[in-house]
Amino acid sequence: MLEAALAFLFGLLIGSFLNVCIHRIPRDLSVVRPRSHCIACEHPIAWYDNVPVLSYLLLGGRCRYCQARISARYPAVELLTAVYFFLCFWRLGPGIAAIKLSLYGALLIGLTFVDLERRILPDEFTLGGLAAALVLAWFVPVKDGIAEILLWMAGQHWGPEATSLAESVLGAALPGFLLWFGGWLYLKVRHREGLGLGDVKLIAMVGAFLGLHGALLTLIVGSLSGSVIGYAYIRIAHKDPATYELPFGTFLGIAALVVPFISGGVLG
Ligand SMILES: [Zn+2]
């Protein structure tokens, strides 16, 4: 429980850094330099005005210098990351498995909000996360059993680490291909882009972390909720369905965040 509480505090800090990434990466700005400053008046933010969640509340959601509104996204991302880290350590106990799932959560929270604000899924997060997941598959087993069965059918006897890596590769490749193929088909039939390559990279990253089951479940939950909520939003907000671009990555991201906690296999 102490570890989970510490993970919560650490999550607040990571969430704070995610906010910097969410703002700067789509604008091709460095995430380390310059120091944090107000987006409106560019005044540097002192450390005591940069405490996650707390500073936002104390300042009433406004810049100390120019009184410009600070987006509620800042405390939301910090709190969400903290809660996610807490849940990872609470459910898995302290260890590398909890660290892996926390990293997964942080990447997805970043992607979900960037896509919502900018309709972009940065490669730094999707491809970077994919690479990290493949490496981590060697140390934290991806318990899927599909690659294991395929290897067995092929008469192969791989060690547990190599088998886990195979589960990770399969989990990335197959759902990634499915989504890419779906997008290609949509383009051929409807003659307009239905989804971007960023969505394909996102689902590949999810599969590399969770394996095939988790990625397919994410795909199903994300697509269904995206269609239902997206359609309702277009109707209620009177958006033009021909031009409104649905943040599909956001729906996939939210589904991917929930899946490890609702599908039994992933948490073991
Ligand atoms: Zn300001």
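Contact is taken here to mean heavy atoms within 4.5 Å. The structure is a predicted model, in which local features need pLDDT of at least 70 and side-chain atom pairs count only at pLDDT 80 or more, while totals for chains, interfaces and linings use all residues. Residues are numbered from 1 along each chain as its sequence is written, and side-chain values use heavy atoms, with hydrogens and water left out.

Leaving aside neighbours within four places in sequence, Thr 163 is in contact with Glu 148, Leu 151 and Trp 158. Thr 163 belongs to helix 7, where helices (H or I, at least four residues) and strands (E, at least two) are DSSP runs numbered from the N terminus. Thr 163 counts as buried because its relative accessibility is 12%; buried means under 20% relative accessible area, exposed over 50% and partly exposed in between, with a 1.4 Å probe and protein chains only. The Thr 163 side chain also reaches the backbone oxygen of Gly 159 at 2.7 Å.

We turn next to the metal site. The zinc ion has as its protein donors the SG atoms of Cys 38, Cys 41, Cys 63 and Cys 66, lying 2.3 Å from the ion. Donors are N, O and S atoms within 2.8 Å of the metal (3.2 Å for Na, K and Ca), and since water is not among the atoms, sites may look incomplete. The angles among the 4 donor atoms run from 105 to 115 degrees, and the site is tetrahedral, a label given to four donors if all angles lie between 85 and 135 degrees. For comparison, the ideal angle for four tetrahedral donors is 109.5 degrees. Along the chain, the zinc donors follow the spacing C-x2-C-x21-C-x2-C. Cys 41 is partly exposed, at 32% relative accessible area, whereas Cys 63 is buried, at 8%.

The interior comes next. A nonpolar core is a set of buried Ala, Val, Leu, Ile, Met, Phe, Trp, Tyr and Cys residues joined through side-chain atoms within 4.5 Å. The largest one has 43 residues, of which Tyr 104, Leu 108, Met 205 and Val 206 touch the most other members. Several helices each supply at least two residues of this core, among them helix 1, helix 3, helix 8 (197-210) and helix 9 (212-236). Helix 4 gives the most, with 10 residues. Not counting residues up to four places away in sequence, Val 206 touches Tyr 104, Leu 108, Gly 211, Ala 215, Thr 218 and Ala 256.

Aromatic rings complete the picture. The structure holds 9 aromatic pairs; rings of Phe, Tyr and Trp (its six-membered ring) pair if their centres lie within 6.5 Å, with planes under 30 degrees apart counted as stacked, over 60 as edge-to-face and the rest as tilted. One of them joins Tyr 84 and Phe 261 edge-to-face, at 5.5 Å centre to centre and 90 degrees between the planes. This pair links distant parts of the chain, Tyr 84 being in helix 3 and Phe 261 in helix 10, 177 residues apart. Tyr 84 is buried at 8% relative accessibility, and Phe 261 is partly exposed at 22%. Ring pairs also link Phe 177, Trp 180, Phe 181 and Trp 184 into a cluster.

Notes:
Tetrahedral: all angles 85-135°; square planar, octahedral: opposite > 155°, others 65-115°. Polar contact = N/O pair within 3.5 Å; in protein donor to acceptor, adjacent residues only side chain to side chain.
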